[in-house]
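Subject: Structure handover

Hello,

Here is the structure for you to look through. My notes on it follow below.

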Amino acid sequence: MSADLETARTWEGPSAPERLALLRHAKSVAIVGASDKPSRASYFVATYLQSSSPYRLYFVNPVAKEILGQPVYASLADLPEVPDIVDVFRKHDDLPGVLEETKAVGAKTLWLQLGSWHEGVAHDAEEAGLNVVMDRCIKIEHARFHGGLNLAGFNTGVISSKRQVTA
C-alpha cells in the first residue's frame, strides 16, 4: 500500500454515543504494549483506568513482569479471560499482528490509541465483526463521558460557570 493511501483517512469510526456504549458495556480492558515506565502514555492511561474506572485491567507486554502491582501477560492468549476491549499502544507495523491476536482470542473491540491509525486493520477488523476505534485515547474518552475533562482534556478541579479570562 502506498504511503498516500495509508495516510488518507477514509474510514469513519463510531460516533460519540457509540463509543460511550462500548465503554459502558465493557467489563475488562487489555492494554497491549503496556509499559512499566511512568513517562509512557500507556502507564498514564493504566493509572487512570485503575483508579477511575470499574474495568478489570490486564497488561500485555512480553518483557515486563509487573505494572501497577498487577501481573503482566506475554500475549492476549495468556489472559485469564477474553477482554471486552483491546487497547493498543504499539507501532503502526505491529497493528496487523495485534488484530490477528485480538481475533484469535475472541475480543469484540479493538481500540487504537491517540495517534494510531491503520485503515487496513480497521477494515479487516470490521469484516471480522469487531468494533473499532482509532486515534482516540480511552482515558480521554472515559473521562469525557464521565465528567472529568475540560476542553483541553484535563480535569482542572475547578467548578465554575464563569469563562476563564485569557488576557
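Helices (H or I, at least four residues) and strands (E, at least two) are DSSP runs, numbered from the N terminus. Counted that way, the chain has six helices and seven strands. Please keep in mind that this is a predicted model.

Overall layout

Read from the N terminus, the elements follow the order α-α-β-α-β-β-β-β-α-β-α-β-α. The chain has 167 residues, and 42% of them are buried. Of the contacts between residues at least 6 apart in sequence, 60% join residues at least 24 apart.

Helix H2

H2 covers residues 16–25, and its buried residues are Arg19, Leu20, Leu22 and Leu23. These residues lie on the same side of H2, because the arc they cover around the axis is only 160°. As background, an α-helix has 3.6 residues a turn, so residues three or four places apart point the same way.

Helices H4 and H5

H4 runs over residues 95–105 and H5 over residues 119–127. The two helices pack at an angle of about 15°, and their axes are 9 Å apart. Angles under 35 degrees count as roughly parallel, so H4 and H5 are roughly parallel to each other. Their crossing is right-handed.

Which residues meet where H4 packs on H5? From H4 come Leu95, Pro96 and Leu99, and from H5 come Val121, Asp124 and Ala125. Sorted by class, this contact has five nonpolar residues, one charged residue and no polar ones.

Thr102

Is Thr102 buried or exposed? Buried means under 20% relative accessible area; Thr102 has 0% relative accessibility and therefore counts as buried. Leaving aside residues up to four places away in sequence, Thr102 touches Leu76, Val86, Ala107, Leu110 and Leu130.

Regards

Notes:
Residues are numbered from 1 along each chain as its sequence is written. This is a predicted model: local features need pLDDT of at least 70, side-chain atom pairs count only at pLDDT 80 or more; totals for chains, interfaces and linings use all residues. Side-chain values use heavy atoms; hydrogens and water are left out. Axes are lines fitted to C-alpha atoms, for helices over the stretch in contact, and angles run from 0 to 180 degrees between N-to-C directions. Angles under 35 degrees count as roughly parallel, over 145 as roughly antiparallel, 65 to 115 as roughly perpendicular and the rest as oblique. A crossing is left-handed if the near helix is turned anticlockwise from the far one by less than a right angle, and right-handed if clockwise. Contact means heavy atoms within 4.5 Å. Ala, Val, Leu, Ile, Met, Phe, Trp, Tyr, Cys and Pro count as nonpolar, Asp, Glu, Lys and Arg as charged, and the others, Gly among them, as polar. Buried means under 20% relative accessible area, exposed over 50%, partly exposed in between (1.4 Å probe, protein chains only). The arc is that of the directions from the helix axis to the C-beta atoms.
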